[in-house]
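Subject: Structure for you to look at

Hello,

Here is the structure I promised. Please open it next to this email and follow along.

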Amino acid sequence: MSLAASSRPPILRIAVSRDDLMMRLGVVLFAVVLLVIVGLPLWSLLAKGFEDRDGKFVGLANYVSYFSTPALFDSALNSLHVSAVCTLIVVPLAFFYAYALTRTVLPVRWLFQGISLIPIFAPSLLPGLALVYLFGNQGFFKGLIGGSIYGFDGIVIAQIFYCFPHATLILVTALATADARLYEAADALGASKLRVFCTVTLPGAKYGLISAALVVFTMVMTDFGIAKVIGGNFNVLATDVYKQVIGQQNFSMGAVVGMVLLAPAALAFLVDRVVQRKQVALLTARAVPLIPKPKLGRDLFFTGFCTVVSVGILAILGMAAWGSLIKYWPYNLSLTLANYNFTNFDASGWDSYFNSVEMAIGAAVFGTVLMFVGAWLNEKTREFFFMRGVVQFLAFLPMAVPGLVLGLGYIFFFNAPNNPLNFLYATLAILVINTVAHFYTVGHLTATTALKQIDPEFESVSASLKVPVWRTFARVTAPICLPAILDIAIYLFVNAMTTVSSVIFLYAPDTKLASVAAVNIEEAGTTAAAAALCIVIVITSAAVKALHVLADRFLLGRLQAWRRR
Amino acid sequence: MTVFATMRRAAVLGGMALAAIALSGVAFAHKTKLTVYTAIENEQLEPFKKGFEADNPTIEIAWVRDSTGVMTAKLIAEKDNPRADVIWGLAASSVGLMAGMGMIEPYTPANAAALKPIFKSGKNPETWVGMDAFLAVVCFNTAEADKNKKPKPTSWADLVKPEYKDSIVMPNPASSGTGYLTIAGWLTIMGEDAGWKFMDALHQNVSQYLHSGSAPCVQAAKGERLIGIGFDMRGATEKTKGAPIDLIVPKEGLGWEMEATAIVKGTKNLDAAKKLADWASSLKANELYGKYYAIVANPTVKSMPPNYPADGEKLMAKVDVDWMAKNRDRILAEWTKRYDGKSAPKAK
């Protein structure tokens, strides 16, 4: 701070103009919004970790009893173990897949790209159900895995399916921006392929690799849907939260486990800070985009690799689709469409589906505006480091919060009788806000990445031309970032369609969601109908994504022409 | 001319709209909307709502339904600003817990006197009134048993025989209320020492402790497991759908739990809530419960829904609900210490 103050020349002081003040005010406002939708609700639950069941302050007593219960401590180790294994499998897998998509010449590239996204469209219930059909005790391939699917193996397989697209998306972005001149230079200097890969490709994708690893690690850590369906006796922290809160109504202990789960988020935040500080802009104004040239051996290898991965993804989806048509697994395998008549399985019938669509659209619109404007404020405001750090931290938190903790926190915070916002409780709006908060991190990261790609020259030029910042934002920044903005909107939409763990506490009589209904239907034993509802959700999200691809083509043609020149 | 016509049409339309709003306003003013939290099964929601509303045309039920654990957690989390008017169909132990936290409005419904004594809270006025009872039975898959030549068990003692190794699933009592009532039943019937010894032996045959009371019988029904210990009604409905399972009531007796009705303290619709509590304890309502459950609160209702095990009621353990509530933390801690942590790396 002192360094910044002492080295600040008087010219800059003039530059702290009305624009700067407005931006700073914006950052403060934005921080308040994040505090209300993330910070305070979280705290209102986590604070219970320091209270006993009657609400008396007990200091760290709950933490002491937590760390002295061996069973609970084992869950922490199990969580770390399964998260580490999944990260070590998913990140390389996603890296090579992303490499194939961006750096090789694949036939039907668009198809491979589309298939890699499928898992994101599916509720986490789907891989669990499909794995039981495939490898369960009555499964078609139960001999293949040599043991029970329930437990560690099941969690790992389902998590790979579930996390793969998230890692692939991040890594495709990381690998898509490369400077062909570096490769030409390496080639000219006679560097071996391995050397080029290790000294040019990998360092270029470093930030993406680390982000992908952090995202996968925390996703596995906090997800409880998969562990519940297929985890067997393998206890993890997320199921412990469930046991404490749902099984025993022990909010205090649930809060303690929730707090322990926040540790990876804090770590992710620190790692991100360090990596970002070291990151150098890859794409300078003079960079030449890298366009892969055909090379038979390499292309064949990667086509084969992508085919294997795609078949794996399609097998799980296909099994669920087929399962949704079966009359009574495994004793009556004749097919029926009756499982799609949801009125027979859940009182809200198809209504919950339309609620979901409405909620997803709301989350996409509200969330995208908030995330993009927020990220813009935070990126483009000069100095003001402390407040920007606070914003960055609040934006990182949701990634590591189990939905259960956030959902209960929302009850405590938004339902408090003295909260002026409590009119929101038990409306569709609270579901929208909760979903945006729950999926805040990735949207924020996407927006930040997109904004970092834009040369700060734009702002400088605009400022010297006395164009107000908001006009530069509306005329230049937002149009340039339109692809990223659409990406965020789609991301929010598909996640809003599948989210369960948090919204399960927040719906009112007329706002039940399809994803929650699917869980209820599965609980009631009608697995086929649950699979059917999952398939309907997948189809909806895939259709929206297809629209997005079309829109992207159109918009890329119109607005992104500058990128090609 | 056209201008006038348009204006006249607009005026007529406007008037109609106003009238519609006024009418719906009147209709709205007449109907009291009761928010009812419940964990009853999905297929029961519509008949229960229709049954009540037919007798109380001025009141409308708006359900919020989820599993027992989720609804209990939600109700307790909303304690400072309750959103529910009535709880209709939630485990009596959950409602008892809330009564202890001062969240329940005591009220003795009009028809309470006609009900079996165990189906009442025993307070005056009552904090809750029971509807029906459910049991933790044994669901036994006969198709898998034939395939693997496994005999049909008839008692808890049978279940610890080595031939059932790794073929039993039951709910984890730390995450499921059904799980807790199951082990509380054993501890009551066998006594604490013998009860824990039984569970030690059973643990050798249990392949998984599940996070739901419904799941064990569902898994048994679908042949994932030979035997599931769990919620009886779920087993019966699976059997009706065509599952090859038998529901067995072990001869030593078994744990059970009730669904109950209670009024939430702080409701703004107390009169309507009382009407619902009255109706929920009526003979008519009990007959409705009897369509789904074999054991209901009103002794004159003789019901036998399809595929229910016979004589469950006779074998209901004499569990002390207060004892169950007071010793819950201790029993769960002991259970977790014995079976939960070390059950994971079972692979040999």
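First, a term: two residues are in contact if their C-beta atoms, placed from the backbone, lie within 7 Å. Also keep in mind that this is a predicted model.

**Where the chains meet**

**Chain A**

Chain A has 26 helices and two strands. Its radius of gyration is 24 Å, close to the 24 Å that the globule rule gives for 565 residues, so chain A is as compact as a globular protein of that length. Its C-alpha trace spans about 75 × 65 × 45 Å along the principal axes. Buried residues make up 50% of the chain. Now take the contacts in chain A with a separation of 6 or more. Of these, 82% link residues 24 or more positions apart.

**A strand to find in chain B**

Look for β5, residues 129-141 of chain B. Is it buried or exposed? It is mostly covered: 13 of its 13 residues are buried. Here are pairings of β5(B) to trace:

- With β10(B), residues 256-264, it runs antiparallel over six bridges. B:Gly130 stands opposite B:Ala260 there.
- With β11(B), residues 295-296, it runs antiparallel over two bridges. B:Asp132 faces B:Val296.
- With β8(B), residues 227-231, it pairs in the antiparallel sense over five bridges. B:Phe140 has B:Ile227 as its bridge partner.
- With β9(B), residues 245-248, four bridges join the two, again antiparallel. B:Cys139 is partnered by B:Leu247.

The model scores ipTM 0.87 and pTM 0.88. Chain B averages a pLDDT of 89, and 89% of its residues score at least 70. Which part of chain B stays under 50? That is residues 342-348, for which the model has eight contacts beyond four places in sequence. Where pLDDT is low, the predicted coordinates should not be read in detail.

Best wishes

Definitions and conventions:
Residues are numbered from 1 along each chain as its sequence is written. Chains are lettered from A and ligands numbered from 1 in the order in which they are written. This is a predicted model: local features need pLDDT of at least 70, side-chain atom pairs count only at pLDDT 80 or more; totals for chains, interfaces and linings use all residues. The radius of gyration is taken over C-alpha atoms; the globule rule is 2.2 Å times the number of residues to the power 0.38. A residue is buried if 20 or more other C-beta atoms lie within 10 Å of its own, exposed if 12 or fewer, and partly exposed in between; C-beta atoms are placed from the backbone. pLDDT is the predictor's confidence in each residue, from 0 to 100. Two strands pair if DSSP finds at least two bridges between them.
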